[in-house]
Number of protein chains: 2
Amino acid sequence: MRDHSTHVSGSRHEVVDALLSEWHFAREAETVPVAQACGRVSAQQVVSTNQLPNWPTSKMDAVAVHFDDFAGGMPNTSAWVRGADWQFCNTGVAMPKGFDTAIRIEAAEVSADEESIKLNYVPQCRGESVTQVGAVLQPGDVLVEVGQVITPVTCSVLSMGGHTQVSVVKKPVVMFIPTGNELIDVTDAVPVGKNIDSNSALICAKLEQWGARPVRHPLIPDDPDQILAALRAGTAQADIVVINAGSSKGSDDFTCEILEREGRVLFHEVNQGPGRHCSFSVLDGKPVIGISGPPVGAEFTSDLFIKPFVDVYLGANTAYPPTVRARMLDSASGHSRPMTMVRRVAVRRTRDDAFVARAVALDDRPALRFADNANGLVFLGPNSRGWEPGDMVEVELRWPYTLPPYVD
Amino acid sequence: MRDHSTHVSGSRHEVVDALLSEWHFAREAETVPVAQACGRVSAQQVVSTNQLPNWPTSKMDAVAVHFDDFAGGMPNTSAWVRGADWQFCNTGVAMPKGFDTAIRIEAAEVSADEESIKLNYVPQCRGESVTQVGAVLQPGDVLVEVGQVITPVTCSVLSMGGHTQVSVVKKPVVMFIPTGNELIDVTDAVPVGKNIDSNSALICAKLEQWGARPVRHPLIPDDPDQILAALRAGTAQADIVVINAGSSKGSDDFTCEILEREGRVLFHEVNQGPGRHCSFSVLDGKPVIGISGPPVGAEFTSDLFIKPFVDVYLGANTAYPPTVRARMLDSASGHSRPMTMVRRVAVRRTRDDAFVARAVALDDRPALRFADNANGLVFLGPNSRGWEPGDMVEVELRWPYTLPPYVD
């Protein structure tokens, strides 16, 4: 059995930062239609081709007039002819040729036959209520910067600027390798002694949400040759490799041996639980992250240990998750282990915008289902005493960091 | 020119609630692979087919033993044979046949040849550290409820339960009809006097984000026959119809006339600006929402007046947007209009988790680009005095209601 006394352990930030600093990659780009770009990260600065408006346009539903006609104050409009002395002009529409000023329609009384007009307002300057050429957009105006997440607003300004396509950061390909003699693919007829591989569905769905392109390697047993072949397939095809299980203290932890021999293991484990047996290695220049098998731990360690690599590849949103200080509503036991223990909590807001929280118990069936009730994590340090009602505790919100709802 | 004195106006909630109450629809479902279900809304309650584990499994990396061997305390293990008296068992793996109890591996000393063992712990009960059959999941356990948004966790418990497909609410089809004589499709060669239809890109991208399936009708001019034809195409093909512009006070506001004649107009406008000229009608039993043309108003009125219909169709997340009380950092002018005026603001958190906010100016080029800086809206009532630094103001967060970042 493998000797674990030489395993290198680190804190949750230490392990990620170390592997990030060893990862040298070239961020690739691809061109997509603007209609498909929402949520993608811009790979280039894009400027406007267009000038808008390219003709003076009315700022409101109005009548277009000649400012010079008001040189002596309100003119006599009884003989004014539509088309010559005045004309309708709607919001955002080009001013009729020759007219330079607009008066809002509410200040005009137009006859039923729309031929005669009486005005109740004298414009104060030439061009009043008219949007001048280029006031909205000019060639060269920046529409989106490098590294900016594209939103519906971005899609609209790209359109204004004349663009139907945009260059975005390619989705990082993340190969997920499920391993384990005891696992089988999803089925409703489970052979005795076997378990379902549910982490593939969990982690591949998270990867999609984070903007990566997951590739699920077929399930492989705890066989060194197959593990190595899968890792090599990963480093060949993917930007980031995630391998599930195989770093535990059992007799089948070949993954660490293989990575030590073929690559470099920076950390064999994290000094934190659940999910302690997560490893951080480099193979063929690619990051290889081992996520421990049990689903309840994998559910949040994937956020802590895989998402940062996706974020860094994309080049946006690389900040640590936000934290809030919450008043605890319940008691939680401490622990006497020389490591950090992670507790799931539900955070809420009070009516005076303070935050409160309580532990989320995963004690119903199936336990993992109730993980979604936890929008926060509390990291209890070594030998922590837990918490009592009224304690103020730092809570790290879970992605996507939605404002916690009211407590009632 | 159309007489607007008969136009019916309502508040932003009144207009939406009225149209929602007139909308009688049948929520449709479709079956999708679990791998594509994330973000969709479950259309059925789904229960487990599987029982897991279906054999006792070890809770940790351990050695499997027979509890009866410890009847007299710690047995003499010097002659113990692997396979007969003890065996390795890893986390989550089926206990070897006949063994009923597990001792964590750290409490065992195994010889290098893995044949001899010394134990440093006596188990306290039969089945200690063993997950019994059905403890994780049993047939009939609920995996997801009707109306629940499917998450990566849901995908994993569906997998555990033996499901590779799931029934989800069909995406509501929303037809977006851009109209306007002055508009053209996106191009980098804009004819003089024309403007780009940028609202199609804006609103169709929002619709996708909200979980709808947008269908963009080709751009049509301000022609009654074409407007009617487009509206009929909308009610025939879509669940919800959105028509852009055409309800303004100009000479080309045929849309309201058509909807009054062919259907029923509940509200011709909202008593709120910008974006006052949004209309709410029923045609052929379908909701028809008119969104006013100018992009700066359309950018947020689409959230206020279209999103609720998508949310109600999907049957999840139908609550009003959350609000926070923020201390204003700047001054903002009031207004003297007998209607609500909406101001964009940027909300931040202070280090003691209080909220602060300031107005977002859309005064650079292109103005709309800076709308993304506003994560909140302030609704200033009729004749509001605006705000001064230090005022506590209610701010409505903008979707997706992310926790505001720190102010520094």
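How many residue pairs are in polar contact across the interface of chain A and chain B? The rule finds 24, with both residues at pLDDT 80 or more. The model is predicted.

**Interface**

On the chain A side, 86 residues are in contact with 87 residues of chain B. The two chains bury about 6700 Å² between them. Carbon and sulfur atoms carry 59% of that area. Two salt bridges link chain A and chain B. One pairs A:D141 with B:R365. The closest N and O atoms of that pair are 2.7 Å apart.

**The chain A side**

Several elements of chain A each supply at least two residues to the side that touches chain B. Among them are the strands β11 (142-144), β15 (195-196) and β23 (323-328). The helices α2 (152-160), α3 (199-209) and α6 (295-305) belong to the list as well. The most comes from α2(A), which gives eight residues.

The side of chain A that touches chain B splits by class as follows.

| Class | Residues on the chain A side |
|---|---|
| nonpolar | 42 residues |
| polar | 26 residues |

**Symmetry**

How can chain A be laid on chain B? A turn of 180 degrees and a shift of 0.0 Å along the axis do it, with an RMSD of 0.1 Å. The two copies are therefore related as by a two-fold rotation axis. The same surface serves both copies. Of the contact residues of chain A, 100% recur in chain B.

Key
Residues numbered from 1 in each chain as written. Chains lettered and ligands numbered in written order. Predicted model: local features only at pLDDT ≥ 70, side-chain atom pairs only at ≥ 80, totals over all residues. Heavy atoms only, no water. Contact = heavy atoms within 4.5 Å. Buried area = accessible area lost by both parts, 1.4 Å probe. Salt bridge = Lys/Arg side-chain N within 4 Å of Asp/Glu carboxyl O. Polar contact = N/O pair within 3.5 Å; in protein donor to acceptor, adjacent residues only side chain to side chain. Helix = DSSP H or I, 4+ residues; strand = E, 2+ residues; numbered from the N terminus. Nonpolar A, V, L, I, M, F, W, Y, C, P; charged D, E, K, R; others polar. Least-squares fit on C-alpha atoms with pLDDT ≥ 70 in both.
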